[in-house]
Amino acid sequence: MISLMVLLIGLLTAIACAIPGSYLVLRRMSMMSDAISHSVLPGIIIAFLIVLDRSSPLIIIGAALSGLLMVYLTELISRSKLVKTDASIGLVFPGLFSIGVILISMQMSSVHFHEHSVLVGDITLSALNNLVIDGVDYGPKSFYILGSVILINLLFIIIFFKELNLTTFDPQLSEVLGFKNLTLHYLFMTIVSITAVASFDAAGSILVIALFIVPAATAHLFTRTVINMIIWAIIFAIISSISGFYLSIYFDAAVSGGIAVMCGVVFLITLTLVKLKAIRA
Amino acid sequence: MEFIHDIFFDYTIRNVALGSSILGIVAGAFGSFAFLRRESLAGDVVAHSALPGIVLAFLLGFFITGSSSKNSLVLILGATITGFLSMHFSSRLMNISKIKSDSSMGIMLAVFFGLGIFLLSLIQRRNIPGKSGLQDYIFGSASTLTHSDVNIILIFGALTLMSLFIFWKEFKLHTFDRTYAHSLGFNSKLLDTMMVSSIVIAIIIGLQSVGVILMVAMIVTPAAAARQWTNKLSTMVIISAFIGLVAGLSGALISASVQKLPTGPVIVLLLVLIFVISILFSPNRGLIAELIKNIARKQRIRLSLVLVDLYQLKIHHNDDYNVGHSAKVLLTMHEQKFNVRKSLIILAELGLVRNMNGDVWVLTDKGLKKAESILLTKGELI
C-alpha cells in the first residue's frame, strides 16, 4: 500500500515537472532551473522556522520567493555587465544554497530536516504524511499539493500559450507587439519555483532538474510542435518514474536516484532510435 | 596564541589548513581560465558528475581487495574519469542532436549525479565497512582530510600549477584568441585538452573539502571577484588564487572549530562576501566608483549647460562686458530643473563667472573662452 503511494507520488512529481520543463528546454534555461532548485532551500528553511509545520502552504510561498530572489539577483549581476550570465548563475545559487545548508546544520539537525533528505528527498516519508480532517483520512497530503501544482501548471500554459510561444521563439517580435516579456519571464519563474518546492519531497533539491530537463529534452529530440513536445515529455516522465521506482525497489536504493537514472536511460534509447531512423532515411 | 600553535602542531588542524589552502589556490588560479572561457557552469557539471565516479571507485576497490580502504588516489581517479566522461558526452550531444548547450549540460549533470545518489544510497543501506566517509563528498568535510589526502592534493596541485607556469604564454593566447593561436601553429586541440584537464583536476581535488554541490563556487567566485580589480590576466590569476586561499583556509578552520558545521557552505559564504565587496568597492569597475563617476559626470554636464546658457544670453542681447543675467532667467531655459544657483556658485569658484549684485551673474573672460570652446568642440565639458 505504501509502495503504491510512493509510486503515485513519484508519478505526479514527474508529470508536474515535465510541463514547465518543456519551456525551460526551449527557452535555453536548463541551468537556471538547476539554480532555482538549489535556491528554494533557504526559503523553505526560513519559512519552516517561522511556522514550524512542514506541510504549511507558507513554505511553498517562502520557497517561491527565494527562487525568485535568485532569478532577480542573477539578472541584477549580469545586467551590471561586470559578470557574464553563466557565471552570475554560478555566483548566486551556491550562496543561497549555502545559507540553507548552514541553517539546517546549525538549527535543526534534530528536527524534520536533514541535509541528506533535502538533497535526495524522502518520498516514503511524504507517502506516510496523510491529510486528516475531522478524523477522516483523505490520503497523503502530497497528492493534493502535487495535484494542485499540476493543475496550476496546466492552467498557466493554457492561458498564456500564445504569449509563452511568442516570447520563447521570437522575443523581439513579442516586445514590438507590446507583450510584457519580463513580466511573463518572472511569472514563469514563479511557476518553476513552485513546482520545484512541491517536488522537493519526492525528488530532493538536486534531482528536480532531472525531472525538469531530461524528459523534455528527450521529447525535443524528435517533436516539432510545442504541444507534441509537452505530451511526449509527460509520457517519458511517466515511463521514467515508474521504471525508476521499480529499479530502486529492486536494488533497495533511493527512489529519486533511480528515477534520474531511468530518465537518462530513456533519453539514451530515444537518441539511438532517432539516430538510427535518420541513418536509414 | 594557542590557535596559532595548533595550526602548526595539531594533526587535524594542520591537515585542514594545508589542504584547503592549496585547493583554494589551485581552484582560484584555474577558475580564472574557466571564467574567461565562459565555462563556469561546466565546472558545476564536472563536480556533480564526479560523485558516481567516487562511489564506483569505492565499490570496485571493495570488490577487488575485499576490504574498504578509502584510498583517496583511487577515488580521485574514479571522479576524474566520470567528470571527463560527462563533459565529453555533453559536448558530443550538442554536435549529434539538436539539444542546445544548456540542456546537454543539464542532462549530464542530472543523470550522472542521479546515478551517484542511487549508488550512494545503495551502499548506505548495506553493511559495507568504511561507507560513512562517502557521504562527506556531497557537502564537503575538511576535517576528514588525512595526511595522505593532503599529500595527494599537494602533488596534483603542484603539477597543475607547474604546467600553468610552463605553458603560461600558450594558455593565455589560447584563452583569448583560439583562432590566432591555431594559425600561429600551436596545437589548439592539445592546449584545449591540457586546460580542461587542469580545470577538472582543480575541481576534483577540492571535492573532499568543499563537496560536489558547491565546488562550482570555488571555481567561479574567486575569479569573478578578481576580475573586478584588474584587466591583466596575470594579476587576475594571482588575486583569484589569493582569494581562494583566504576563503579556503579561513572557511576550513571555522568549520573545523564549530561542531556540525559543513565546510563547503562556510567557504562559499566567505567567497560571496569577498565578491560583494569587490563588486561594490573596486576602484575602476566597482558599482560605487561607477556611481561617483556618474554623479561627477552629471555635475559637469550641468555646469557646462549653465555656462553655455549664459553665453547664449550674452550673444543674443549684444551685451556689454559688465551686463549680467539673473539666475531666474537661466532657470527657465530648461525643462529639466536643477539647482542653477549652486552650479553658478561652483562656476564662480572656478573663475568662469562673476556675481554682480544680488542674483545677477556675468561671464568672465575665461568663462567666455571656455563657453566658446565647449560650443566649438561640442563634446568637451568643464
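1. Buried area is the accessible area, taken with a 1.4 Å probe, that two parts lose on being put together, summed over both. Between chain A and chain B it is about 4700 Å². Carbon and sulfur atoms give 75% of that area. A:Met31, A:Leu82 and A:Leu91 supply 14% of the area that chain A buries against chain B, more than any other three residues.

2. A word on the source. This is a predicted model, where local features need pLDDT of at least 70 and side-chain atom pairs count only at pLDDT 80 or more, while totals for chains, interfaces and linings use all residues. Residues are numbered from 1 along each chain as its sequence is written, chains are lettered from A in the order in which they are written, and side-chain values use heavy atoms, with hydrogens and water left out.

3. How many residues of each chain are in contact? Chain A brings 58 residues and chain B brings 55. Contact here means heavy atoms within 4.5 Å.

4. Now the charged pairs. A salt bridge puts a side-chain nitrogen of Lys or Arg within 4 Å of a carboxyl oxygen of Asp or Glu. One salt bridge lies between chain A and chain B. It joins the side chains of B:Arg125 and A:Asp252, at 3.4 Å from N to O.

5. Which helix gives the largest share of the side of chain A that touches chain B? H4(A) does, with 15 residues. By class, this side has 35 nonpolar, 15 polar and eight charged residues. Ala, Val, Leu, Ile, Met, Phe, Trp, Tyr, Cys and Pro count as nonpolar, Asp, Glu, Lys and Arg as charged, and the others, Gly among them, as polar.

6. Chain B also has an open sheet of three strands, in the order S1-S3-S2, with antiparallel pairing. Helices (H or I, at least four residues) and strands (E, at least two) are DSSP runs, numbered from the N terminus. Two strands pair if DSSP finds at least two bridges between them. Strand S1 (325-326) and strand S2 (353-355) are the edges, and each pairs on one side only.

7. Look at the pairings in chain B. Three bridges join S2(B) to strand S3 (residues 360-363). B:Val353 stands opposite B:Leu363 in S3(B). S1(B) and S3(B) pair over two bridges. There, B:Ser326 stands opposite B:Val360.
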